[in-house]
Amino acid sequence: MGRGIRRKVGEGVVALALILLLALPVRAQDWQADWQRTIAAAKKEGQLVISGPSGSAWREQLLAFEKEYPEIKLAITPVASRDFWPRVIKEREAGQKLWDFRIGGPDHVAYQLKRTGNMAPVRPLLILPEVTDPKSWYGGIDGTFLDSEKRYFFGFAIYEENVAYYNGKLIPEVELPDMRSLADPRWTGKISMADPRAGSPLTGSGALLRIYGEAYLRQVMGERKPVIVKEPRQQVDWLASGRYPISIGLPSITFVEYAARGANVDGFRKIPGPHVWTQGVGGVQMPEGSPHPNATKLYINWLASRAVQARMMPIVKLNSRRTDVAIADPPNAVDYAALDTYVGGQTEAQQEYQAKAAAVLRELLQ
């Protein structure tokens, strides 16, 4: 009788183990097979249509995918978020789903599209063990996602947002000790600002409103009369020449490209302010209905891999969120030990402040 009981117990353990095994996701049972199926299907699709950050450095790094997978042709169109999502909305109204995904930062329109079911989750596409391993990322897998569900807006980069700069050769540091000093009337007519409808200037404005209040934002954006610039190259040239020696919302890649032109960036100084972390353009958002789903899956895993992140980050001057990739831009590295004291500039939790800031900016800068 004892042997019979032991046999039944043993059979029960085996049955339970089989049930648990069958309950595991496919990639946990056999990610290699999933990966090989993805590669084969992606090669049959043969193409990808994406939007990416502007600049030759980014384009070169993103196109490196074709060297590893020459069967898949990559079409990259650089479009800022403020222009990309309205374009996607109009295309979808016409019944067209043209884009596979976007590499860049999400804004309030992207979050609206998520809430209305027009975004697809990125998280289920991550299958490589080196990508899905929580130890590969600061903050784990959850930390890489900006949306409240931790599924949609994947961010592979993280750095401290630089809200505003000034020309240190023309303005003494003592005159701009922190962001609060921008409200001083002496800076009227001396500030340039990148197009504030989205991107870095809107991210920064939302953080400033949250930390310093709406009255402060109205002073800086209204009374100081910043000139709005749509071309980053023009803005950095003005910063250097002193025509507008204070600059708000310049993307970090602008300084990389400016230095590549042989210019000296040593005189540019960051205006201290609230600690804001951001992924900048180092993230992925995927509209629902990707026309090339397997190539999309392949590319996103490739992009998030250690080898690609280690090669790319020093070129585009961003810091990867991967724990096994060296910091490429030490001056703008976040303090992970104190990250809970930062404002997450592009997170879904910050969107209510961005929406308020956007309303103020529309009123003052129209």
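Me: In the lining of the largest pocket, how many residues are nonpolar, how many polar and how many charged?
Reply: This is a predicted model, and its largest pocket holds about 950 Å³ of space. The pocket is lined by 50 residues, and those closest to its centre are Ser54, Ala80, Pro232, Pro251 and Val281. Sorted by class, the lining residues of the largest pocket come to 22 nonpolar, 17 polar and 11 charged.

Me: Which helix gives the most to the lining of the second largest pocket?
Reply: The second largest pocket, with a volume of about 370 Å³, has 13 lining residues, and Tyr165, Phe255, Val265, Asp329 and Asn332 lie nearest its centre. Its lining divides into seven nonpolar, three polar and three charged residues. Among the elements that each supply at least two residues to the lining of the largest pocket is a helix spanning residues 252–260. The helix that gives the most to the lining of the second largest pocket, with four residues, is helix 12.

Me: Is Gln235 buried or exposed?
Reply: Gln235 sits in helix 11, which covers residues 232–241. Leaving aside residues up to four places away in sequence, Gln235 touches Ser192, Met193, Ala194, Val229, Ser247, Ile248 and Leu250. A residue counts as buried when its relative accessible area is under 20%, and because the value for Gln235 is 1%, this residue is buried.

Me: With which side chain does the side chain of Gln235 make a polar contact?
Reply: Among the residues that Gln235 touches are Met193, Ala194 and Ser192. The polar contact made by the side chain of Gln235, at 3.2 Å, is with the side chain of Ser192.

Conventions:
Residues are numbered from 1 along each chain as its sequence is written. This is a predicted model: local features need pLDDT of at least 70, side-chain atom pairs count only at pLDDT 80 or more; totals for chains, interfaces and linings use all residues. Side-chain values use heavy atoms; hydrogens and water are left out. Buried means under 20% relative accessible area, exposed over 50%, partly exposed in between (1.4 Å probe, protein chains only). A polar contact is a pair of N or O atoms within 3.5 Å; within protein, one must be able to donate a hydrogen and the other to accept it, and residues adjacent in sequence count only if both atoms are side-chain atoms. Contact means heavy atoms within 4.5 Å. On a 1 Å grid over the protein atoms alone, a cavity is a set of points where a 1.4 Å probe fits but cannot get out, and a pocket is an open set with protein on both sides within 12 Å along at least five of seven lines; lining residues have an atom within 4 Å of a point. Grid points are joined across faces, edges and corners, and a volume is the space filled by probe spheres set on the points. Ala, Val, Leu, Ile, Met, Phe, Trp, Tyr, Cys and Pro count as nonpolar, Asp, Glu, Lys and Arg as charged, and the others, Gly among them, as polar.
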